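Trainee: I have a model open and want to learn how to read its fold. Where do we start?

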Amino acid sequence: MSKLIQRLLIFFIGLPAVVGIVCLHQYHHLALHVALLAVTVCAALELHAIFSHQGTLQPKLLLVVLSLLLPAVSFACAFYSLPHAYIEYTFVACIMICMAYEVLTAQHFEHSNLRLMAATFIILYSGYLPTFISRMTTLSHATESIALFLVLVFMCDSLAWLFGNLFGKSNRGIIKASPNKSLAGFLGGIFGSTATAALTCVVKPEMFGGSYIHAILLGILISCFAIIGDLVESVFKRSANCKDSGAIIPGRGGVLDSVDSVFFAAPVFYLVTTLLF
């Protein structure tokens, strides 16, 4: 199946399905939280598999359960209107549990630092970062905000791919982490998110307080961090000599290959939205 057909299938099937889940706002977006829990499990498993190429890690089940605690607590905070500080407390507790596990179970300590750093990162990346999507359910115009966020990231990814294929043949390799990425692709991604944010400001000005400057700023920030998120995952795979994070999604690889940009950009969108809007 060609890349173009894969992109079209994602556009006409995948994106509407995701936006449809977002629009199911009953019980404080229960459907979205269930989807986040499933993605967290897949992301934790894939990260564990990637990092396992370079050494023995703490048990897979332990890290998946601890990662799951964070989006679960985030849903409880949204459902019961609890302070988001409980998410941070849970994150700290998860890391302390990993430290205690290492102290109580390790027989040799040559690789303890690696195991603890890998455990901390798996919980941070697959468990903590998705909580910022969950936190978006507490925003005013929550459904529109989450849908806008996902569309901004999708447009960045799609326009980066399109511009890279059309104009990027002579300007690739500027980032060693992903030699196939091009300057034209990066600029296309930034244009895609920024233009989408500006157009949204025209259609629904209340989303940005009627400020085109805020809309353009948000588009630029989301696109930049979405691109960085994609490159960060490339570093993971390159370091472990993996082509894809998994094979669960035809034509895309693993779950991480599809949500890396979303995870990385989610904290930025949430913070910018709460501070500016």
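Trainee: Among contacts in the protein between residues at least 6 apart in sequence, what percentage join residues at least 24 apart?

Mentor: Contact means heavy atoms within 4.5 Å. Here, 69% of those contacts join residues at least 24 apart. A word on the source: this is a predicted model, where local features need pLDDT of at least 70, side-chain atom pairs count only at pLDDT 80 or more, and totals for chains, interfaces and linings use all residues. Residues are numbered from 1 along each chain as its sequence is written, and side-chain values use heavy atoms, with hydrogens and water left out.

Trainee: How many helices and strands are there in the protein?

Mentor: Both are DSSP runs, numbered from the N terminus: helices are H or I, at least four residues, and strands are E, at least two. The protein has 10 helices and 0 strands. Its radius of gyration, taken over C-alpha atoms, is 19 Å, close to the 19 Å from the globule rule (2.2 Å times the number of residues to the power 0.38) for 277 residues, so the protein is as compact as a globular protein of that length.

Trainee: Is Y125 buried or exposed?

Mentor: Buried means under 20% relative accessible area, exposed over 50%, partly exposed in between (1.4 Å probe, protein chains only). Y125 has 2% relative accessibility, so it counts as buried. Across the protein, buried residues make up 46% of the 277.

Trainee: Where is Y125 placed, and which residues is Y125 in contact with?

Mentor: Y125 lies in helix α5, residues 112-128. Leaving aside neighbours within four places in sequence, Y125 is in contact with L47, P130, G229, F236, L256, D260 and F263.
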